[in-house]
Amino acid sequence: MMEHLPKTPRQAYMGDLWGGLAAMLVALPSAIAFGVAIHAPLGGSLAAQGAVAGILGAIAMGLVAPVFGGSTRLISAPCAPAAAVLSAQAIAFAQQGLRPAQVLVLLGMIGLIAGGMQIVLGLARVGRLIKYIPYPVVSGYLSGVGLIIIASQIPRLLGADGGAGLWAALAEPSSWKWQAVTVGLVVIAVMLLGSRLTRAVPPAILSLLAGVVTYLALGLADPALMDTDGNSLLVGTLVEGSGGLGDVAGTRWRAFRALDTALLAKVLLPALTLGVLLSIDTLKTCLVIDAMSGSHHDSDRELIGQGLANMTSAMLGGVPGAGTMGASLINLSSGGTSRLSGLMCGVFSLAAFLLLAPLIAWVPVAALAAILMIIGLRMIDRHSLAFFFTRSTRFDFMVILAVILVALFVNLIAASGVGVALAILLFIRENTRSSVVRHRIEGSEIFSKRSRNRRDMELLEQGGAETVVFELQGSLFFGTASQLHAALEAEAEARKYVILSMRRVQSLDITATHVLEQIKDRLEEHGAYLIFCDIPKGLPSGLKMKRFLKETGVVRPTNKALAFRQLDDALEWVEAQKLEEMPVDQSDVRPLDLRDMGLFANCSDAELAALEAVLETRSLPPDKKVFKAGEGEEGLYLIRRGAVKILVPIHKKETYHLTTCGPGDIIGGMGFVEARGHIADALTLTETEVYALSRSRFDILAADHPHLALTIIQAVAVGLSARLRVTIGELQALRG
């Protein structure tokens with residue numbers, strides 16, 4: 001990223017001035033070349049009009065786009081995608097027998113509709129979406145445009161007559177003109193080596209001057225080359241009355257009004273193609289400029305500004321354009337900091353048009369062709385060739401190649417469509433290759449956080465084979481539905497409880513829910529349950545998963561598909577179902593006395609009597625808090641009867657289930673040890689009875705009975721250690 005120190009208003013103004021001038025010197029030669037490339041196939045004096053059209057496009061884009069656009073440093077001018085689409089369209093119209101004047105009007109209408117389409121895209125807020133087109137599509141599209149430009153300019157470089165195509169020009173070497181080839185080779189050499197010779201003058205300007213000088217030097221040996229009228233090697237002089245800005249605009253407007261419906265139908269698809277390509281080209285450049293300057297652009301506003309600029313250019317008879325990479329980078333490196341730099345680029349282009357228009361006649365067509373060929377060569381993404389030699393990226397290379405081939409032999413919009421379709425297939429392929437099952441855990445290996453006696457734990461371990469837990473991940477969609485079905489179907493006959501943790505699921509579609517419903521039906525046939533837990537509140541797509549599962553019929557209160565907030569809740573419910581089927585241990589029903597609690601097994605009767613004297617017995621109904629986080633005395637609580645859930649507040653109403661404690665367990669240990677208040681809520685789940693021991697009474701007890709106090713502190717430490725181990729295990733599982 002470029003660093004920009006704070007500038008005074010004068011420094012900023014001068015930076016914008018020089019940035020605009022430098023950008024014009026880069027953009028204008030290319031704009032002239034693009035205009036000639038579009039108009040030259042029509043023959044006659046239209047190459048000269050093409051040069052003027054390129055300049056008019058640079059003027060319109062430079063004056064309008066910065067004012068209404070959403071980027072501060074972007075330079076807009078005629079661009080390669082416009083030249084590629086319009087030159088191909090000009091050749092197609094000419095082959096259909098349309099007169100050159102009609103073709104020019106249709107080309108102008110393409111630019112007008114494309115600009116209107118950009119405005120519609122901006123108003124519809126589509127700008128932010130265009131930048132998400134996959135890289136292989138953009139790479140193939142740019143490379144395809146580059147190859148199209150190179151192929152279209154080879155006949156001009158060879159000096160072939162008229163609107164000869166590539167194969168026709170190559171098939172007739174007798175039509176080549178050595179003077180054109182000489183000029184073209186000199187321009188190519190200067191374009192490639194210009195930056196090594198000097199950095200004061202942009203290579204495009206330097207190479208164009210070199211081409212003119214080379215042509216004039218050849219003219220000294222052959223005086224016939226010095227005639228600009230009817231000379232196919234030069235852009236040539238404008239026909240009378242076609243050079244005035246007002247005349248061109250008036251003629252273009254009258255021609256637009258005379259168009260009929262049949263002709264308009266010919267330009268609709270090319271216009272839509274051009275609108276999309278210009279939008280992609282602009283927003284791609286905006287992203288690069290933002291990355292280098294630390295600025296931020298408004299994609300939708302920029303599309304509106306580009307659309308207005310292209311409509312203005314079409315009305316003036318100019319070439320459509322977009323935000324151009326080369327000129328924008330030159331503007332940035334020359335000190336441009338605001339919209340003024342882009343506006344100054346348009347002003348300088350207008351000044352060049354008014355002052356230097358007569359010199360356009362002496363610009364060699366081969367020089368412009370050579371400049372365009374180098375531009376096309378630089379558009380080819382040569383880095384993507386390396387994708388072919390790496391197995392993991394070979395399919396991406398095939399997408400790029402497919403886009404290039406379709407661009408060359410069909411058209412650019414079809415190439416973009418093919419590229420996006422192939423990119424989607426690659427995405428589906430990549431997602432189907434990754435497993436949707438992250439972990440599979442046997443019921444004998446995982447239990448809830450609820451504290452249970454040894455007998456219950458032995459019974460649950462024995463019945464562990466009835467339960468299996470799947471942690472799902474990634475995208476559950478039609479591409480992974482068969483994989484999901486295969487993983488779950490194998491459990492449908494042998495399990496009574498199939499638990500699905502959805503915490504890592506990124507997306508869910510109707511095909512995947514259909515598979516889940518099939519599994520649910522299979523389980524329900526033999527009285528088994530499909531249990532969902534850790535269901536995200538919302539997926540990245542915005543889908544409410546829990547609501548979606550209910551609406552599609554997978555989860556309903558009346559059947560054997562249930563949903564729980566967390567995995568521990570699901571495990572606790574399953575364990576309760578298993579224990580209900582077994583004989584009830586009455587020790588869990590009647591309140592425990594101190595002598596029934598295992599932690600006091602080594603304490604004397606005197607010690608227990610002393611402890612009992614300082615304890616307070618409390619009875620609480622279900623859903624009542626024994627203590628609250630941050631509140632209450634720093635006391636210990638021994639559970640005599642019932643169950644208490646320990647919940648750590650996280651955010652608003654969200655909590656983390658730390659553990660569930662039962663008879664004989666101690667709760668409130670951390671607040672008791674630190675004397676800083678409790679850090680969690682203790683919520684009763686059933687009718688609960690507890691012994692409460694305040695810190696002040698414990699201190700009195702400890703003075704007279706140190707062994708009893710040590711026993712209590714040791715039990716607190718063991719309990720905290722056990723919960724810490726469980727938490728660490730969860731963190732390790734999350735990391736895995």
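Here are some questions and answers about helices, loops and contacts in this predicted model. Residues are numbered from 1 along each chain as its sequence is written, and side-chain values use heavy atoms, with hydrogens and water left out. Because the model is predicted, local features need pLDDT of at least 70 and side-chain atom pairs count only at pLDDT 80 or more, while totals for chains, interfaces and linings use all residues.

Q: How far apart are the end C-alpha atoms of helix α12 (residues 299-316)?
A: Helices here are DSSP runs of H or I with at least four residues, strands are E runs of at least two, and both are numbered from the N terminus. The expected span is 1.5 Å times one less than the number of residues. For the 18 residues of α12 that gives 26 Å, and the model agrees, with the end C-alpha atoms 26 Å apart.

Q: Which residue has a side-chain oxygen that reaches the backbone nitrogen of D300 at the start of α12?
A: The pair sits at the start of α12, with the oxygen within 3.2 Å of the nitrogen. A polar contact is a pair of N or O atoms within 3.5 Å; within protein, one must be able to donate a hydrogen and the other to accept it, and residues adjacent in sequence count only if both atoms are side-chain atoms. The residue that supplies the oxygen is D298.

Q: Are α4 (residues 100-123) and α12 roughly parallel or antiparallel?
A: Axes are lines fitted to C-alpha atoms, for helices over the stretch in contact, and angles run from 0 to 180 degrees between N-to-C directions. The two helices pack at about 160°, with their axes 7 Å apart. Angles under 35 degrees count as roughly parallel, over 145 as roughly antiparallel, 65 to 115 as roughly perpendicular and the rest as oblique. The pair α4 and α12 is therefore roughly antiparallel.

Q: What is the handedness of the crossing of α19 and α20?
A: Helix α19 (residues 481-489) and helix α20 (residues 510-525) pack at about 15°, with axes 9 Å apart. That makes α19 roughly parallel to α20. A crossing is left-handed if the near helix is turned anticlockwise from the far one by less than a right angle, and right-handed if clockwise. For α19 passing α20, the crossing is right-handed.

Q: Is D623 buried or exposed?
A: D623 lies in the loop between β8 (616-620) and β9 (625-627), and has a positive phi of about 60° although it is not a glycine. Buried means under 20% relative accessible area, exposed over 50% and partly exposed in between, using a 1.4 Å probe and protein chains only. With a relative accessible area of 60%, D623 is exposed.

Q: What is the relative accessible area of D534?
A: D534 is found in the loop between β6 (529-533) and α21 (545-551). Its phi is positive, about 55°, although D534 is not a glycine. D534 is buried, and its relative accessible area is 15%.

Q: How far apart in space are I446 and L571, C-alpha to C-alpha?
A: I446 is found in the loop between β3 (437-442) and α18 (454-462), and counts as buried at 18% relative accessibility. Contact means heavy atoms within 4.5 Å; leaving aside neighbours within four places in sequence, I446 is in contact with I441, V469, L567 and L571. I446 and L571 are 125 residues apart in sequence, and their C-alpha distance is 8.3 Å.
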